[in-house]
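Take the points in order, and find each residue on the screen as you go.

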Amino acid sequence: MPAVKRKRNADATREDILTAAQKLFTAKGFDGAGMREIAAEAGINVALINRYYGSKHGLYKAVVATVNADEFFGNDMSTFGAHMATVLMGHPLKKEGFDPTLAMLRSASSEESVSVITEALSDLFVKVLADKLREEGYANCGEKAALLLSTILGFDMTRRIFRIDGLGLDHSDTATPLLATSLQAIIDG
């Protein structure tokens, strides 16, 4: 598909590139989504991806950074388990458009994308959670934050992608409090 002529608008172009990259990284992973394909999806010249994001690596990092981290940090840590369990069980089983868990899973075979994922998850989630735990007086904050992220990602993957029985919407009355207790146990030790 040839690039569409349009007025120059840097913010709109950046957003179009991110949206196209989210879609294609979700569908094909890091290695499967090509720069020309992302540019065609965004309706722009491929050179603009490098101009705004520096490289495919930079674009992938920007995509990972669009994950809504606010839902992780909405409450104090004494109610984190209940809050996060409700958020996770409220996620639709199939996400339309960008699915961060699926995009990361489909990209896990690429060393380059794994380094980007590791860096982004560390910066956006583990460090922030550890700081929040530290501020509230908890011990072993880095380890707890990493375990929380690991448990959350594992739960999301087994529930939505692998559709493990017992974790679906029809099990939310029992799964939600069990997950809340498990997450809170990591925090409380």
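This is a predicted model: local features need pLDDT of at least 70, side-chain atom pairs count only at pLDDT 80 or more; totals for chains, interfaces and linings use all residues.

**Notes on the structure**

1. Which residue does D123 meet in a salt bridge? Its partner is K127, and the N to O distance between the two side chains is 3.1 Å. K127 is partly exposed too, with a relative accessible area of 46%. Both residues belong to helix α7, where they sit four residues apart, about one turn of the helix. The spacing makes sense: an α-helix has 3.6 residues a turn, so residues three or four places apart point the same way.

2. Now for the other charged pairs. Eight salt bridges turn up when the whole structure is searched. One of the pairs is K23 with E41, at 3.0 Å from N to O.

3. K28 is partly exposed at 39% relative accessible area, and E37 is partly exposed at 28%.

4. Stepping back, what is the chain made of? Its secondary structure comes to nine helices and zero strands. Reading from the N terminus, the elements run α-α-α-α-α-α-α-α-α. The C-alpha trace spans about 55 × 35 × 30 Å along its principal axes. Of the 189 residues in the protein chain, 43% are buried. Take the contacts between residues at least 6 apart in sequence: 72% of them join residues at least 24 apart.

5. Next, look at how two helices meet. The axes of α4 (residues 56–65) and α7 (residues 111–135) come within 9 Å and cross at roughly 35 degrees. This crossing is right-handed. On the α4 side, the contact is made by H57, Y60, K61, V64 and A65. On the α7 side, the residues include E112, S115, V116, A120 and L124.

6. Is helix α6 mostly covered or mostly open? Helix α6 (residues 100–107) is mostly covered, with six of its eight residues buried. Those buried residues are P100, T101, L102, A103, M104 and S107. Among the elements covering them are α1 (10–32), α4, α7 and α8.

7. The accessible surface of the protein chain is about 9900 Å², and 55% of it belongs to carbon and sulfur atoms. Which residues make a nonpolar surface patch? L105, F162 and I164 do, and the patch is about 260 Å². F162 is in the loop between α8 (141–161) and α9 (172–188). With 46% relative accessibility, F162 counts as partly exposed.

8. Last, two backbone angles deserve a look. N140 is not a glycine, yet it has a positive phi of about 50 degrees. You will find N140 in the loop between α7 and α8. N140 is exposed, since its relative accessible area is 53% and the exposed class begins over 50%. R163 is another residue other than glycine with a positive phi, near 50 degrees. R163 belongs to the loop between α8 and α9, and at 46% relative accessibility R163 counts as partly exposed.

How values were computed. Residues are numbered from 1 along each chain as its sequence is written. Side-chain values use heavy atoms; hydrogens and water are left out. Patches are made of residues with over 30% relative accessible area and no salt bridge: like charges are joined within 9 Å, nonpolar side chains (Val, Leu, Ile, Met, Phe, Trp, Tyr) within 5 Å. Accessible areas come from the Shrake-Rupley method with a 1.4 Å probe; for residues, only the protein chains shown count as cover. A salt bridge is a side-chain nitrogen of Lys or Arg within 4 Å of a carboxyl oxygen of Asp or Glu. Buried means under 20% relative accessible area, exposed over 50%, partly exposed in between (1.4 Å probe, protein chains only). Axes are lines fitted to C-alpha atoms, for helices over the stretch in contact, and angles run from 0 to 180 degrees between N-to-C directions. A crossing is left-handed if the near helix is turned anticlockwise from the far one by less than a right angle, and right-handed if clockwise. Contact means heavy atoms within 4.5 Å.
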